[in-house]
Amino acid sequence: MKLNIKNETGRLKSVVLGQPNSLGAVPTLEESYDAKSYDTIQKGIYPTEKDIISEMSEFEKVLRKYDVQVFRPEIIEDYNQVFARDVAFVIDDKMIISNVISDRADEQDAYRKIFEEVKWRDIINLPETAHIEGGDVIVWDDFLFIGTCFSEDYRNFKTARTNEYAINILKEYFPKKRILDFELKKNDREPYKGILHLDCTFNPVGTDKCIIYKDGFVDETDYRLILDIFGEENCFHVTPEEMFEMYPNIFSISPEIVVSDKAFTRMNNHLRDEWGMTVEEIPYREISKMGGLLRCSTMPLVRE
């Protein structure tokens, strides 16, 4: 397979979609590794496997509707494998294998057959102490936007997934990219007060537009920089409640076609009516309760 990911919205040709089967028991509060899951476990509304299977099936139908080749990881018994984005990610023609948190380390074994489709020389394995996950990495032509946490308390946050060491290594591998790191607010238990990954607060769509949540960034100058790059008129701003519902985390099949949660009425109308996009609406409310949405569920491999 010849990998090719130049940006977030090029016409999608092949993708890995996460695996909803055999999730196992509802995690305890101590076993949760993001604030949204902590919140839903605490409220007793953690999703059922049946609902997750149903929602991911709808997502797969849309992908296949547009002739996208869909890979699935092998099933690990009693293990959450919904969010493929963080196991590995592609920049240009290289696949970077993430050093995910220890709770998810076994997940990569289920991707072995998919990794074998890629030439070994196109796979980058990072040093063990270089932590990064695909949800924090947004490829946008000459730019690489990366979410991180520079706090001295980095090791104390379960939601801190990408460190400065990993970013410096990516700078060595991709010297021609303009790499911008954005420090994100972190909170393991209160989903309104923290951001798990960059794609939960910022996501490009189309050819020159983006969805953004201003208060996800530690430093407002980072938010202002994104506005300068895209133009304020090309940025759809989400509210704190919409961020909690995971509005930014939709998925592009092409510059003209996005897959979005059918509950995102205000944004979906804007994408259609103001930006002229085709919005494929599917139910994804239950999966959102686990701290991720549509972009989190995918690992794009090839875009035109």
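User: Which residues lie nearest the centre of the largest pocket, and how many line it in total?
Analyst: The largest pocket is lined by 28 residues, and Leu23, Pro27, Tyr33, Tyr46 and Asn80 lie nearest its centre. This is a predicted model, in which local features need pLDDT of at least 70 and side-chain atom pairs count only at pLDDT 80 or more, while totals for chains, interfaces and linings use all residues. Residues are numbered from 1 along each chain as its sequence is written, and side-chain values use heavy atoms, without hydrogens and water.

User: What counts as a pocket or a cavity here?
Analyst: On a 1 Å grid over the protein atoms alone, a cavity is a set of points where a 1.4 Å probe fits but cannot get out, a pocket is an open set with protein on both sides within 12 Å along at least five of seven lines, and lining residues have an atom within 4 Å of a point.

User: How much space lies in that pocket, and what classes of residue line it?
Analyst: The largest pocket holds about 530 Å³ of space, and its lining consists of 12 nonpolar, 8 polar and 8 charged residues, with Gly counted as polar and Pro as nonpolar.

User: How many cavities are there?
Analyst: There are 3 cavities of 30 Å³ or more in the structure, and the largest cavity contains about 150 Å³ of space. Its lining has 14 residues, with Lys36, Pro191, Gly194, Leu196 and Met246 nearest the centre. The elements giving two or more residues to this lining are α1 (35-43) and α6 (240-244), where helices are DSSP runs of H or I with at least four residues and strands are runs of E with at least two.

User: And which strands supply the lining of the second largest cavity?
Analyst: β3 (88-91), β6 and β15 (298-303) each supply at least two residues of that lining, and the second largest cavity has about 90 Å³ of space. Phe89, Val137, Val139 and Pro300 are among its lining residues, which divide by class into 6 nonpolar, 2 polar and 4 charged.

User: OK, switching to sheets: what is the strand order in the one with β6?
Analyst: The order is β6-β7-β8, in an open sheet of 3 strands with mixed pairing, and strands pair if DSSP finds at least two bridges between them. The edge strands are β6 (137-140) and β8 (178-183), each pairing on one side only. β6 pairs with β7 (residues 143-148) in the antiparallel sense over 4 bridges, and Val139, which also lines the second largest cavity, has Leu144 in β7 as its bridge partner.

User: Which helices pack on it?
Analyst: Helix α4 (residues 164-173) touches β7 and β8 (contact means heavy atoms within 4.5 Å), and its direction makes about 170 degrees with that of β8. Helix α5 (residues 220-230) touches β6, β7 and β8, and makes about 140 degrees with β8, where angles run from 0 to 180 degrees between N-to-C directions of axes fitted to C-alpha atoms, for helices over the stretch in contact.

User: Where else does α5 lie?
Analyst: α5 lies across β9, β10 and β11, running at about 160 degrees to β10. Those 3 strands form an open sheet in the order β9-β10-β11, with mixed pairing. β9 (202-205) and β11 (235-237) stand at the edges with a single partner strand each, so one side of each has no neighbour in the sheet. β9 and β10 (residues 209-212) run antiparallel and are joined by 4 bridges, and the bridge partner of Val205 in β10 is Lys209.

How values were computed. Points joined across faces, edges and corners; volume = space filled by probe spheres on them.
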